Amino acid sequence: MDARHSTYTFQDVPIGAEAELQRLKEQALMGWEKEHRTLKSFGLADGMKVLEVGSGPGFVTEKLLDNLPHSEITALDIDDVLLEKAKHMLNHMPESRLKFSHASVYNTNLPDNYFDFAIARLLFLHLHNPLEAAIEIMRVLKPGGKLVIIDIDEGVFGAIQPELDVLPSILKKLAQRQASRGGNRNIGRSLPRMLTHSGFTDVDMDAIVQHSDLHGIEGFKKQFDINRFAGFYKNGVITQHEYDELNKSYENFAHSPDAHAMMLFFMACGTKPV
Ligand SMILES: C[S@@+](CC[C@H](N)C(=O)[O-])C[C@H]1O[C@@H](n2cnc3c(N)ncnc32)[C@H](O)[C@@H]1O
């Protein structure tokens, strides 16, 4: 089993490091305004001590720093390459505002009862043991502190026009593959009960829509880029027929002047009991 007990390894992504960084950037920035709105509605406020778990290359970290000018942000990630990228991009930030932690979410080495707010974006779908991770995050939150998990659910990933006919069955296979490796691409539907089972109270949930008419189509093209699926074809998760069909429909989508798409993200919030 992978020591990180998760299914995401930056070095292994099929599209390569630079393309993956660009994809993560577009995906993080497209959703930020609405995610920030919802984070505020869940109680995020300037001056709070904020933990970002699985902060990766730091695109969301940068937004948090911009929007919370009096907050101390701790960015935690297990991947040293991604942490270095984030450190490089945010090297103008004083340590009083930004701390980095190279650790796993299962064992953060952070102090008890320290943070007011924790955010985990697109991390939990990769975790072998989400409950254990949520319990560790609860340990470092102050009583009354909040955890917000932002994640997807492949069963309701969104919609795209012109439709990629083979996409739903391929996404189902990818979800099965992720499950066989210990992750969960259908985690969205289970977030409220997962928070409750790990001891959080006042659980709430919202959905965020990223739409190409609002954010531009380019970011969506990156999400459905055929190269992201090449690895799954090579290791037999999807068939040659599915790959060829996807390629054809993707070309049709990418070159259609009328192409549009939307993707759904889920935000679930729980409070550490006082
Ligand atoms: C899909 S990326 C999301 C990055 C960022 N949160 C975003 O929304 O763009 C998942 C991140 O989780 C990190 N990760 C995976 N397993 C982890 C673990 N056990 N502990 C901490 N971080 C982990 C990865 O290194 C990666 O940076």
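**Notebook: surface, fold and two local sites**

I began with the surface of this predicted model. The accessible surface of the chain amounts to about 12400 Å², and carbon and sulfur atoms contribute 50% of it. I then looked up burial and found that 51% of the 274 residues count as buried.

I recorded the charges next. The chain carries 29 positive and 37 negative side chains. The centres of these two sets are 2 Å apart.

For the overall form, I noted a C-alpha trace spanning about 55 × 35 × 35 Å along its principal axes. I compared the radius of gyration with the value for a compact globule: 274 residues would give a value near 19 Å, and the chain has 18 Å, which agrees.

I listed ten helices and eight strands in the chain. Among contacts with a separation of 6 or more, I found that 81% join residues 24 or more positions apart.

I next examined helix 2, residues 59–67, and wrote down its buried residues as Phe-59, Val-60, Thr-61, Leu-64 and Leu-65. These buried residues pack against helix 1 (17–41) and helix 3 (80–89). They also pack against strand 1 (49–53), strand 2 (72–77), strand 3 (98–102) and strand 4 (115–121).

Last, I looked up Ala-254, which is placed in helix 10 (residues 240–255). Is Ala-254 buried or exposed? Its relative accessible area is 15%, and the cut-off for buried is under 20%, so Ala-254 is buried. I also checked Ala-254 against Phe-220: the two are 34 residues apart in sequence, and their C-alpha atoms are 9.5 Å apart in space.

Technical notes: Residues numbered from 1 in each chain as written. Predicted model: local features only at pLDDT ≥ 70, side-chain atom pairs only at ≥ 80, totals over all residues. Heavy atoms only, no water. Helix = DSSP H or I, 4+ residues; strand = E, 2+ residues; numbered from the N terminus. Rg over C-alpha atoms; globule rule 2.2 N^0.38 Å. Buried < 20%, exposed > 50% of the residue type's maximum accessible area, 1.4 Å probe, protein only. Contact = heavy atoms within 4.5 Å. Areas by Shrake-Rupley, 256 points an atom, 1.4 Å probe, with all protein chains shown as cover. Lys, Arg positive; Asp, Glu negative; His and termini not counted. Charge placed at Lys NZ, Arg CZ, Asp CG, Glu CD.
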